[in-house]
Amino acid sequence: MLAKLTTRPGLRRCALAATAALTLVGAGLPTATANRQADGGDRPDLSRFYGQKVAWSACEGDAMPKDLQCAELTVPLDYGRPKAGTLGLALARYRATGEKRGSVVLNFGGPGGAGVPELAYDGKEFMELTDGYDVVAFDPRGVGRSSPVSCGDGEDGGLTTLDDGSALADPQGLLTRLKQVAADCAEHSGPVLPHIGTVDSARDLDVMRAALGDRKLNYLGFSYGTRLGAVYAAQFPDKAGRLVLDGVDTLTEPLTEQGIAGARGQQVALDDFVGWCAKDIACPFGQDPRVAREGVVRLVRSLDEDPVPTDFGGDFSGQDLVGALGQGLYSRELWPLLERALAQLVESGDAGGVLGFAAGGSALPLPLPLRAAGRADPSPGALVDEEDVPLDNLPAALMAINCADDPDRPTAARVTADLGRLRAAYDKASPVFGQYRLAEVLMCYGRPRGTDFIRDQVKDLDAPKMLLVGTRGDPATPYRWTEETAKRLGSPAVVLDNKGDGHTGYGSSKCVHRKVDDFLLYGTLPPSGSSCGPDEDDD
């Protein structure tokens, strides 16, 4: 659930030592309360990680902004066995231009979204925050340049068989394929895969906070980034500073229910897009909204039956189109570009335009080569070069993190018994997005059981006030998740009701943007339950 899609070429993969004691005191080592693992056991000695200081330098690459600085943070591969190996996390920052009060760390969502390129190309949206902060983003473990996970070359990486009924006719064959996909992901991802979940990423955030020299973590998380922020506040309540969660994720719903909610929300957004498109004579589906909606369904089914070739050696299927649509619907600002890309596909069979959306979304792996030929694999735990990030990293990381965060692992018998009912429920939620969402949910079969920490422990927080932003017309994170998560987190949660449309509010509503900045910069919170109107007026 990426907060948004960046369509710039740099993000289109498919179309393309310890410091002085003073520092330790200033940053603050974890307290006895925070120095507990999610399983309740004591943590081993992590002082060498908390004692590091970030060494910033100019970012490499001609496309990188000249004022953006980059760095590497070292974290343990396994927090339970910190001597068993380390990982490098890629960091980037825009330096504070005003009187510096510390840092604010951003997470743009996903899960699986790389933060460094997003900050590089969309950093202008956060420049107001440099009045008081260094604005910092990072590639989480398993993502981007930070030991990226992969499921291989993409063959059998997606559940394209769900569209032809074979899964219902041969559920045992489906389960066999799912187990093979899980094995492929384990083979190609390396040692980081068992340690990729949000609980470990939240621990990384606290190491980052200390290494940046901050006593408290100030944080702005979008979409999945709200889950990460909530888990951090539960693990390190006395280190939580000003936390903002925009596009609030659920902490309790099982993946099956999340998928249905997501499909339903995306279908509403698609219907809105089609209605908008049909008012334009250039709409590739015609000017009748009902006929246009049926045309989208037919296009998806047609591409699943007969994918079109791409300039990159793979085919573009209906489910790849669904992934592209999901990204293009996140913001109305993207709709004209999406319309043109769809027209290009419908009228000339050219998938080049929609590929840009599919590459930025959570589409399942395309069968494209992973790395340039002749490149050596990096040392375990080291940052990889940008051009060596696997093409399927985003969907591979999305699946790995969501599965690591979910404790439910139905038996083969349960999956077999429920498959028909689930397929019907997902198709009812959305004839376009249902199959795609169900495929994502089923991908956890054959993987180790995920943590129950988030579902059982992230509640009734004893932490400072935090701002939760929910958007009424959000196609990915329904507004009720904001209300439910706020109730679950307890008294620290302050809700801002954004009555607009689109996924998250900071980038689309001036009112939300202003209230978030006021909280992060000055500590000024709106009354809980206050709102921002669709026309960016205060209510």
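A disulfide is taken here as a pair of cysteine sulfur atoms within 2.5 Å, and by this criterion the structure holds five disulfides. The model is a predicted one, in which local features need pLDDT of at least 70 and side-chain atom pairs count only at pLDDT 80 or more, whereas totals for chains, interfaces and linings use all residues. Residues are numbered from 1 along each chain as its sequence is written, and side-chain values use heavy atoms, with hydrogens and water left out.

When the bonded cysteines of the chain are numbered in sequence order, their pairing reads 1-2, 3-4, 5-6, 7-8, 9-10. Among the disulfides is that of C403 and C444, whose sulfur atoms are 2.0 Å apart; the torsion about this S-S bond is about -95°, so the link is left-handed. This pair links distant parts of the chain, with C403 in helix α13 (residues 393-404) and C444 in the loop between α15 (434-442) and α16 (453-457), 41 residues apart. Helices (H or I, at least four residues) and strands (E, at least two) are DSSP runs, numbered from the N terminus. C403 has a relative accessible area of 3% and is therefore buried, and C444, at 5% relative accessibility, likewise counts as buried, where buried means under 20% relative accessible area, exposed over 50%, and partly exposed in between (1.4 Å probe, protein chains only).

A disulfide also joins C59 and C70, with the sulfur atoms 2.0 Å apart, and this link is right-handed, with 95° about the S-S bond. It connects distant parts of the chain, C59 lying in the loop between β1 and β2 and C70 in strand β2, 11 residues apart, and both cysteines are buried. The disulfide of C277 and C283 (S to S 2.1 Å) is right-handed, with 110° about its S-S bond.

The strands include an open sheet of 10, in the order β1-β2-β3-β5-β4-β6-β7-β10-β11-β12 and with mixed pairing, two strands being paired if DSSP finds at least two bridges between them. The edge strands, each pairing on one side only, are β1 (57-58) and β12 (530-532). Within the sheet, β3 (residues 86-94) and β5 (residues 133-138) pair in the antiparallel sense over four bridges, and L91 has F138 in β5 as its bridge partner. Helix α17 (residues 479-489) lies across β7 (240-246), β10 (466-473) and β11 (493-501), running at about 155° to β10; contact means heavy atoms within 4.5 Å, and axes are lines fitted to C-alpha atoms, for helices over the stretch in contact, with angles from 0 to 180 degrees between N-to-C directions.

Side chains of opposite charge can pair when their charged atoms come close. The structure holds 21 salt bridges, each defined as a side-chain nitrogen of Lys or Arg within 4 Å of a carboxyl oxygen of Asp or Glu. One of them joins R209 and D206, the closest N and O atoms being 2.8 Å apart; these residues are three apart in helix α6, and are therefore separated by about one helical turn. D249 and R227 meet in another salt bridge (3.0 Å, N to O). Because D249 lies in the loop between β7 and α8 (255-277) and R227 in helix α7 (residues 224-235), this pair ties together parts that are 22 residues apart in sequence; both residues are buried.
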